[in-house]
Amino acid sequence: MLGEEVFGALWALTEVSLSGPSGQVSACADTGMRAISVQEWIQESVRAAREGGPERKEWRALAEGIAGAEGAPEELRALARVLRRILEGNFEPDLSGLPEEWAAWVREAVGG
C-alpha cells in the first residue's frame, strides 16, 4: 500500500494537463510536473466534482487515464475508478476495492 506517498510517476501515465489555483499541474514527466499525494488527489477530485466547470472534465480525464493504465498498481486503478464515478456525479461509489485508509479519505472528502 502506498499510503501518503507521493505518486508523481502517475502523471506520466496519461497526457492530461490540469490548471488550478496552485499553478500548472502537468501529466508529462519532462515538463516540470507537480506531484500530489493520494489524499490530495481525492480532495481535488471531489472539489472539482462539486464545483463543475472545465476542471471537473480534466480531473475525470486523469482518472480515466490512470484507471486504464495497465502499468499502474491495482489499488491506484481502483481509486481512479472511484474518483471517476464521483466526477460523474455519484457521491456514493462502491469503496470496497480500496485500502481502508483511502476509503476513509474518500468518505471524509464527500462528507459521509
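**How the helices pack**

Reply: Let's start with a crossing: α1 passes α2 in a left-handed way (left-handed means the near helix is turned anticlockwise from the far one by less than a right angle, right-handed means clockwise). The contact involves residues of α1 including W41, S45 and A48, and residues of α2 including R56, W59 and A63 (contact means heavy atoms within 4.5 Å). Keep in mind that this is a predicted model, where local features need pLDDT of at least 70, side-chain atom pairs count only at pLDDT 80 or more, and totals for chains, interfaces and linings use all residues. Residues are numbered from 1 along each chain as its sequence is written, and side-chain values use heavy atoms, leaving out hydrogens and water.

Me: Are α1 and α2 oblique to each other or roughly parallel?

Reply: Two packed helices are described by the angle between their axes and the distance between the axes. Here the angle is about 135 degrees and the axes are 8 Å apart (axes are lines fitted to C-alpha atoms, for helices over the stretch in contact, and angles run from 0 to 180 degrees between N-to-C directions). Under 35 degrees counts as roughly parallel, over 145 as roughly antiparallel, 65 to 115 as roughly perpendicular, and the rest as oblique. So α1 and α2 are oblique.

Me: In what order do the elements of the chain run from the N terminus on?

Reply: The chain has four helices and two strands (DSSP runs numbered from the N terminus: helices are H or I with at least four residues, strands are E with at least two). From the N terminus on, the order is β-β-α-α-α-α.

Me: Is S45 buried or exposed?

Reply: S45 sits in helix α1, residues 38-51, and touches W59, L83 and L87, not counting residues up to four places away in sequence. Its relative accessible area is 0%, and under 20% is buried, over 50% exposed, in between partly exposed (1.4 Å probe, protein chains only). So S45 is buried.

Me: What covers the buried residues of α3?

Reply: Among the buried residues of α3 are L76, A80, L83 and L87. Their cover includes α1, α2 (53-67) and α4 (100-110).

Me: How many Å apart are the end C-alpha atoms of helix α3?

Reply: Helix α3 covers residues 74-87, which is 14 residues. The expected span is 1.5 Å times one less than the number of residues, so α3 should span 20 Å. The model agrees, with the end C-alpha atoms apart by 20 Å.
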